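Hi everyone, thanks for coming. I'd like to walk you through one model today, so please have a look at it with me.

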Amino acid sequence: MSVPGEIVGDQKAATMRFLRVWDSPTRIMHWLLVGAIGVCWYTGETGDLEYHHYSGYVALWVVLMRVWWGFVGSSTAKFANFVRGPHTVFKYVRTLHLRNTPATLGHNALGAISVLALLAAVAGVGFTGLFAVDMDVLYSGPLSMYVDFKEGRRFARWHSTLFDVLLVVISLHLLAVSFYYAYKRQNLLASMITGRRKALEVSGSELQVAPVWRLLVGAALVSGFIYVIDTGLFY
């Protein structure tokens, strides 16, 4: 016997549909960053510093683009639509133990912290790498000419330490994704691949896609910035 107003059986299935959650630029940037960080780690471990630099530029490019897209991009990518204050975050945390909480179409209040932490960590690793000096002074950051050897080595140590911090942040991110999949039955990974999520139909919840010219303008600005850095600010 059903409770009055409860959605059961075929009625519930009829109200469920796949909603667009992530646009293509957000998903591409996400997986491009995953690949860039993986190459950064591998080349750092093997000492292939030339490709380490290239992958570092890619990671820095993606972070800057994601920040740009966070202000002018599609609705679920905008910081204003998912970054919340402490009260909202704590309120959300108190519901984590519940399995039947509705899926958030974009980043939830806690996931927003993960996004900001990842962006900040990658930015920190990238920034310190620009000034880092290799022990043998064979491969150094493009801006290392503006610091002396001692300072460059200090930047190199910070670069390494912040990368370890980044790995911790990534590990927590993966644990959260696993928790949502295993406990809450929400496949966040699939959503970031397909751009869609199965959820109750809600008015006004559809993804609002930003025009492509905004992406192109950001790509041009960020690419120009990376180029200027690569030349050591000589342009």
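A word on naming before we start: helices are DSSP runs of H or I with at least four residues, strands are runs of E with at least two, and both are numbered from the N terminus. This is a predicted model, where local features need pLDDT of at least 70 and side-chain atom pairs count only at pLDDT 80 or more, while totals for chains, interfaces and linings use all residues. Residues are numbered from 1 along each chain as its sequence is written, and side-chain values use heavy atoms, with hydrogens and water left out.

Let's begin in a loop. Gln 186 sits between helix H6 (149-182) and helix H7 (188-194). Is Gln 186 buried or exposed? Its relative accessible area is 11%, so Gln 186 is buried; the cut-offs are under 20% for buried, over 50% for exposed and partly exposed in between, with a 1.4 Å probe and protein chains only. What does Gln 186 touch, leaving aside its neighbours within four places in sequence? The contacts (heavy atoms within 4.5 Å) are Thr 101, Pro 102, Ala 103, Tyr 180 and Tyr 181.

Tyr 180 takes us into H6, where it is one of the buried residues, along with others including Phe 155, His 159 and Phe 163. The cover over the buried residues of H6 includes H2, H3, H4, H5 and H7. H6 has 34 residues and reaches 49 Å from its first C-alpha to its last, close to the 50 Å expected. That expected span is 1.5 Å times one less than the number of residues.

Now over to H8, residues 212-230. Its 19 residues should span 27 Å, and the end C-alpha atoms are 27 Å apart, which agrees. Buried in H8 are Leu 215, Gly 218, Val 222, Ile 226 and Ile 229. They cover an arc of only 70° around the axis, so they lie on the same side of H8; the arc is that of the directions from the helix axis to the C-beta atoms. Their cover includes helix H2 (24-46), helix H3 (49-72) and helix H5 (109-131).

And the other side of H8? There, Trp 213, Leu 216, Ala 220, Leu 221 and Tyr 227 are exposed. For Leu 221, the relative accessible area is 52%. After H8 comes Gly 232, with a positive phi near 75°.

One last stop: Ala 80, in the loop between H3 and helix H4 (86-93). Ala 80 counts as exposed, at 64% relative accessibility.
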